[in-house]
Amino acid sequence: MPKNKTHSGAKKRFRVTGSGKIMRERTGVRHLNEHKTSTRKRRLSSDVVVDAADVRKAKKLLGR
């Protein structure tokens, strides 16, 4: 049987923690940052857990 391939886009967007949670980066900090406050940019820089509704799909794309 052929092996299943990991979705290339998904592996760039998600990471799995040691406990098995799927993490993602926050949106809105890639560009147009000059007018955003430091507090907002700092808040956007941290990773967050993927929403429960999307976990199943993300795991499937990552081949888990």
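Helices are taken here as DSSP runs of at least four residues, numbered from the N terminus. In this predicted model, helix 1 covers residues 8-13 and contains Ala10. The relative accessible area of Ala10 is 3%, so Ala10 is buried, the cut-off being under 20%. Ala10 and Gly63 are separated by 53 residues in sequence, while their C-alpha atoms are 9.9 Å apart in space. Gly63 itself follows helix 3 and has a positive phi, near 75°. Helix 3 spans residues 52-61; of these 10 residues the number buried is one, so the helix lies largely in the open.

Three of them form an open sheet in the order 1-2-3, with antiparallel pairing. Strand 2 comprises residues 22-24 and is joined to strand 3 by two bridges, the two strands running antiparallel. Met23 has Val49 of strand 3 as its bridge partner.

Two salt bridges are present in the structure. One of them joins the side chains of Arg15 and Asp47, with an N to O distance of 3.1 Å. Arg15 belongs to strand 1, whereas Asp47 sits in the loop between helix 2 and strand 3, so this pair ties together parts that lie 32 residues apart in sequence. Both partners are partly exposed: the relative accessibility of Arg15 is 42%, and the relative accessible area of Asp47 is 30%. A salt bridge is also formed by Glu25 and Arg30, whose closest N and O atoms are 3.3 Å apart. Here Glu25 is partly exposed, with a relative accessible area of 48%. Arg30, by contrast, has a relative accessible area of 71% and counts as exposed, because the cut-off for that class is over 50%.

The loop that holds Asp47 also holds Ser46, and it runs between helix 2 (38-45) and strand 3 (48-49). Ser46 has a relative accessibility of 35% and counts as partly exposed. The side chain of Ser46 makes a polar contact with the backbone oxygen of Arg43 at a distance of 3.0 Å. In sequence, Ser46 is 22 residues from Arg24; in space, the C-alpha atoms of the two residues are 9.0 Å apart.

Rolling a probe the size of a water molecule over the atoms shows where empty space is left. The largest pocket has a volume of about 180 Å³. The residues lining the largest pocket are Lys12, Arg13, Phe14, Arg24, Glu25, Arg26, Thr27, Gly28, Val29 and Arg30. By class, this lining consists of six charged, two polar and two nonpolar residues. Glu25 and Arg30, which form a salt bridge with each other, both belong to the lining of the largest pocket. Arg24, whose C-alpha atom is 9.0 Å from that of Ser46, is likewise one of the lining residues.

Note on methods. Residues numbered from 1 in each chain as written. Predicted model: local features only at pLDDT ≥ 70, side-chain atom pairs only at ≥ 80, totals over all residues. Heavy atoms only, no water. Buried < 20%, exposed > 50% of the residue type's maximum accessible area, 1.4 Å probe, protein only. Polar contact = N/O pair within 3.5 Å; in protein donor to acceptor, adjacent residues only side chain to side chain. 1 Å grid on protein atoms, 1.4 Å probe; cavity = no way out; pocket = protein on both sides within 12 Å on 5 of 7 lines; lining within 4 Å. Points joined across faces, edges and corners; volume = space filled by probe spheres on them. Nonpolar A, V, L, I, M, F, W, Y, C, P; charged D, E, K, R; others polar. Pairing = 2+ DSSP bridges. Salt bridge = Lys/Arg side-chain N within 4 Å of Asp/Glu carboxyl O.
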